[in-house]
Amino acid sequence: MTAQDKELEQLHDTIVSDVNSLVEKYMDIVGWDVPEYDEVEAKQKILAIIKKSINKIEEDN
């Protein structure tokens with residue numbers, strides 16, 4: 001295992017936490033702007049946007 005692999009392994013939980021925080025951030029924003037929003041649907045759509053963003057980043061590299 002390389003030093004880079006070790007560092008990324010140590011960062012794994014932080015990265016997962018950051019992504020969860022990002023989803024919650026946008027869930028809060030949608031909740032503020034649309035009081036009658038469908039929480040499940042909103043989360044699915046936010047996750048779809050994040051996945052598309054990740055795919056775009058991968059394609060660009």
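Lys45 pairs up with Glu41 in a salt bridge, and their closest N and O atoms sit 2.9 Å apart. (A salt bridge here is a side-chain nitrogen of Lys or Arg within 4 Å of a carboxyl oxygen of Asp or Glu.) This is a predicted model, so local features need pLDDT of at least 70 and side-chain atom pairs count only at pLDDT 80 or more, while totals for chains, interfaces and linings use all residues. Residues are numbered from 1 along each chain as its sequence is written, and side-chain values use heavy atoms, with hydrogens and water left out.

**The overall fold**

- The protein has two helices and zero strands; both kinds of element are DSSP runs numbered from the N terminus, with helices (H or I) needing at least four residues and strands (E) at least two.
- Its radius of gyration, taken over C-alpha atoms, is 15 Å, whereas a compact globule of 61 residues would come out near 10 Å (the globule rule is 2.2 Å times the number of residues to the power 0.38).
- Along the principal axes, the C-alpha trace spans about 50 × 25 × 15 Å.

**Surface and charge**

**The salt bridges**

- Searching the whole structure turns up three salt bridges.
- Lys43 and Glu24 join side chains in one of them (3.7 Å, N to O). That pair links distant parts of the chain, 19 residues apart: Lys43 is in helix α2 (residues 39-60) and Glu24 in helix α1 (residues 3-33).
- Lys43 is partly exposed at 32% relative accessibility, and Glu24 is partly exposed at 39%.
- Back to Lys45 and Glu41: they are four residues apart in helix α2, so about one helical turn separates them. Glu41 is partly exposed, at 36%.
- Asp60 and Lys56 also meet in a salt bridge (2.9 Å, N to O), and they too are four residues apart in helix α2, about one helical turn.
- Asp60 counts as exposed at 52%, while Lys56 is partly exposed at 46%.

How values were computed. Buried means under 20% relative accessible area, exposed over 50%, partly exposed in between (1.4 Å probe, protein chains only).
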